[in-house]
Structures are given as structure tokens and as C-alpha cells.
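Reader: I am new to this structure and would like to learn how to read it. Please take me through it feature by feature.

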Amino acid sequence: MPIQNMEGLKHKTIPVIFLIDTSGSMDGLGITQVNVNLKEYIEDLKTDPQTKEAVQVTIVTFNSSASIIKNFEPIAMLVPPVLTADATTDLALGLCKLMEVIQEKSDYIRANCKRPLLIFMSDGNPDPGCKWKPELDNMNADYIMKRAVRVALGAGNNINDSTLEAFILNKETDRAVKVADVQDLREFFKYLQTITREMISNKPLSTPLQAGVDSVELVNP
Amino acid sequence: MISCSYPGSAHVNMQLPNQDHSAYQVKDGRLFLAVSDGLGSCRYANIGSKWAADQITKKMMKHFEAGSSSGERDFKPVFVRCMTEIRDELEKAAQMSQVEPENSNISKKDFAATLLFALTDESNLFCAQIGDGGIYLVCESEVQQLFEPAKGEFSNITVPITHDQWKDYLSIKLLELPEDALFLCLMTDGFSDYIVQPESFFQRIAAEIRQRTVNEFEQWLDDLNEFYESKGFSDDDKTMSLIFFRELFKKQVK
């Protein structure tokens, strides 16, 4: 006789964690593009029966301070945020805030989630003197974040490749990518849609080229 | 001991073989058991997983048979040495295959697989994990999750035995078997990755065992595989191997 129910099992979700630079340089078209495309990304996944129950979204923004905009919210109920941009680029604060969320949710993530997808987005280098590398090391040493799939995006030419590459821990899965212009963010979010779906269905992750988004370039492929 | 393995529907649909394998050896009151899961995206993962499971049980048995060990404390270095030999053998297999032009780009990584290993003499238990999958010790009073199933559901993320840093991801446990130990369960991630409450899950398994004969329980495991598939938990290959420390099954009526 077929088994009707089984105790102790649960479908696991993918935590999608955005760490977004909302410094002054993103003001104007940059932050508008982020808002528009983030909304499309959320709406696309929340209306797809295969993904609407499978994703939880966290959004941490940083400029001269850091904020938790969304905290492990199921995508099915997520209202897309409207982000604003201002001030400087204190990446250390952003990383620190992100780890606050992860540590607070650590037991929950281990019990209920698959590996997270971390998306870092910025259009410029961290403030001079900002001690972001120790914070990045701290994140890289964390049990959960060590296992996260990472995508680090640089928009425009004002961010060094080395800043993006610093996010890469597992060369087989993590990607440092660039778009030439903030207007290409649409393509980047298309790429995110593809790999989010691949993570949900346990498939190997595509490169931007394999996902058919040729304006998103790999840094040092 | 019982071991059941099921090809996942995803592999069946793609006409791929079951890439999970299990193997065991018994010698001088010791049981050596291994369960291995070939990584889906690697060309010869099914060969790698079979080789890993077969060889680690044989090599570990040989070591203890030879009596060269000063005791169970040697377990980790011995295990690491055996795994190093297996990795070297896979490397050689890849090199030999390269002789054929169509195989010129084969590497050790094409044989990528995870590994779960257990050795018990009924008093002590030694377990190892490389990659993912879970090992659970089920006792009358509690369920011990010996290794957290690393969430390596993506074939290109899991750290397999062929990974250069495999030793960094090797987990080892040595413990005395509790008096109320019922059974040990080794599972590939197709089964283990969705267990969020091991206590409830294994209480149910123990209850099902107690009301069934061995054959009936094996059929129930078939149903459990079907449950995972039909309820959308996993379409991956699934393997469960159980070592029993007590007589739990209903007696077969002749």
C-alpha cells in the first residue's frame, strides 16, 4: 500500500541573499534599474508554481550604514522593495549586517534550507580605509556562507575585478561577473532567474553564456 | 544488514544508470560498510562510486585483518591512507583511459563520488563522511545524527573523494555503541537531504521495521522511495543501508 505520509520530512527552500550597494554612485538610473529588475525577478519567481514555494529572499543594503530590507521572506508573499541610494560605500558594514542575519537564522537555515545563493551587487569599490576584507573572511569561514553559491556583480568600470573576485570561494560554482552599464542589469537578473531555477531543481549551474545572456561577462573566465 | 538502492526518476528519464553503490565486508566479527553516490554531472561517476565503495571496504578489512593496527585509534590515518590509494587508483584509471583518443580529456574528476563509511564490531562504531549524505545512529532512547548531511545537492558543489581538498571535508566519528542502539543508517543525499526531524523520521522507520518481516520491510522501502518521488522530495538516486544491532523484525511465518 502506498505510503500516505512520512514524519520528519520537509521540502527545503533556497535562501536567495542579496547584498546591494546603495551608495550615492548608484543614485539615479542605477538604483532605478535595480528596483525595476529586482521586482521583475521577484514577480517571475513568485508566479511560477515550481519556484513560488521554493525561495526565501533576504535583502541587505549598504552605503554609509547597512540595513536589512527583507529577512528570509518567502517569495510568494514578497512585496518588491523600493531602494534608494545615498552616501558612501562601507562594504564592511554590509557584510557585518549580512552575517547578523545569517547567524540569527543559522539553526533555521541548517534545518530547513538548501545552500544559499548570495548575490553581491555594486558599481564601485569600497570606501578607502574600509576594513571589508576581515568581514569577508569572517563570512567565508561561516559554515553556511562557506557553502553558498556566490555571484558577485560589478556594474560599470568603477569597480576593480579584485573586489569582485574576493567573493569567489568555490571556483566551480561561484561567479564574478560584470555588466558594462547599469542598463544591462536586466540581463543580469535574467541570469539570476536561470541559476535560481537550476538550484531549485538541483541542476549544474550555467555560466552567463550558457544561460543566453551575453552582455553579462565573466571576470577572468 | 539491509541495503536498498533506487535509481532516481531523473536518471531513469535521461537513461543514466543508478550512480549510487553500496558494499560491505564481514571479517572476524567486524562489519565494514560503505555507501557512495556518484556525482550526476561527471561522466564516470557510477564507476567512481562503485570503485570507492568496493575498495574502501576491502582495504579497511585488509588492514584490520593484517593485525598491523595498534587499535581502533588508528582508524583515521588508516582510512586516509586507504582513501589516498583509491584516489591514486582512479587517477591511474583516468591516465590509462587517455590512451584512447576519444578519452584524451578524462581526468580523475570524471569519477567523482561521495562516500559514507561505517565499521563496527558491535561494541564500537567508526564512521566517516566525505561529501554529503547522512549517517544516523538510532537508539531506543534517541536518534543521533552522526554527520549533518552537507547540503550538496548540486553535483558541481559537493566535495567528492576526487576533490583536491577532500581531507578538509572529511568528517570522522568514533564512539562506543550505546546499550540501547537499535540500528545504524547510512543514506545518500537522495534520502537524507529532506530529513529535518531525524527523531520523528527514524521513530517511524523503527515502528515500520517492528511490524514487518525483512522482506516486507524491503517492500516498504520501495514504497518510501515512491513516496519521495511522488511527493516531489527527490528524483535523485537514493540508497539506504542499515546495520541492525538487535533483532527487530517480525519473524517470518513459515
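Reader: What share of the contacts in chain A with a separation of 6 or more comes from residues 24 or more positions apart?

Author: This is a predicted model. In chain A, residues 24 or more positions apart account for 78% of those contacts.

Reader: How many helices and strands does chain A have, and in what pattern?

Author: Chain A has 7 helices and 7 strands. Along the sequence they follow β-α-β-β-α-α-β-α-α-β-α-β-α-β. Of the 221 residues in chain A, 43% are buried.

Reader: In what order do the strands of chain A lie in the sheet?

Author: The general idea comes before the case. Strands of a sheet pair through backbone hydrogen bonds, and the pairing is either parallel or antiparallel. In chain A, 7 strands form an open sheet with mixed pairing, in the order 3-2-1-4-5-6-7. Strand 3 (66–74) and strand 7 (217–218) of chain A are at the edges; each has a single partner strand, so one side of each lacks a neighbour in the sheet.

Reader: How do strand 5 and strand 6 of chain A run, parallel or antiparallel?

Author: Strand 5 (residues 149–155) and strand 6 (residues 175–179) of chain A run parallel and are joined by 5 bridges. Opposite Val151(A) stands Arg175(A), in strand 6 of chain A. Helix 2 (residues 91–104) of chain A packs on the sheet, where it touches strand 1 (14–21), strand 2 (55–62) and strand 3 of chain A. The direction of helix 2 makes about 150° with that of strand 2 of chain A.

Reader: Which residues of helix 3 of chain B are buried?

Author: An α-helix has 3.6 residues a turn, so residues three or four places apart point the same way. In helix 3 of chain B, the buried residues are Phe75(B), Phe79(B), Met83(B), Ile86(B), Leu90(B) and Ala94(B). Their cover includes helix 2 (45–66), strand 5 (124–130) and strand 8 (170–176) of chain B. Helix 3 (residues 75–97) of chain B has 23 residues and reaches 33 Å from first C-alpha to last, close to the 33 Å expected.

Reader: Is Glu142(B) buried or exposed?

Author: Glu142(B) is exposed, because 12 other C-beta atoms lie within 10 Å and the cut-off for exposed is 12 or fewer. Glu142(B) is in the loop between strand 6 (134–139) and strand 7 (143–147) of chain B.

Reader: How many residues of chain B are in contact with chain A?

Author: 22 residues of chain B are in contact with 22 residues of chain A. On the chain B side, helix 5 (198–210) and helix 6 (214–230) are the elements that give two or more residues. That side has 10 nonpolar, 6 polar and 6 charged residues.

Methods
Residues numbered from 1 in each chain as written. Chains lettered and ligands numbered in written order. Predicted model: local features only at pLDDT ≥ 70, side-chain atom pairs only at ≥ 80, totals over all residues. Helix = DSSP H or I, 4+ residues; strand = E, 2+ residues; numbered from the N terminus. Buried ≥ 20, exposed ≤ 12 C-beta atoms within 10 Å, placed from the backbone. Contact = placed C-beta atoms within 7 Å. Expected span 1.5 Å × (residues − 1). Pairing = 2+ DSSP bridges. Axes fitted to C-alpha atoms, helices over the stretch in contact; angles between N-to-C directions. Nonpolar A, V, L, I, M, F, W, Y, C, P; charged D, E, K, R; others polar.
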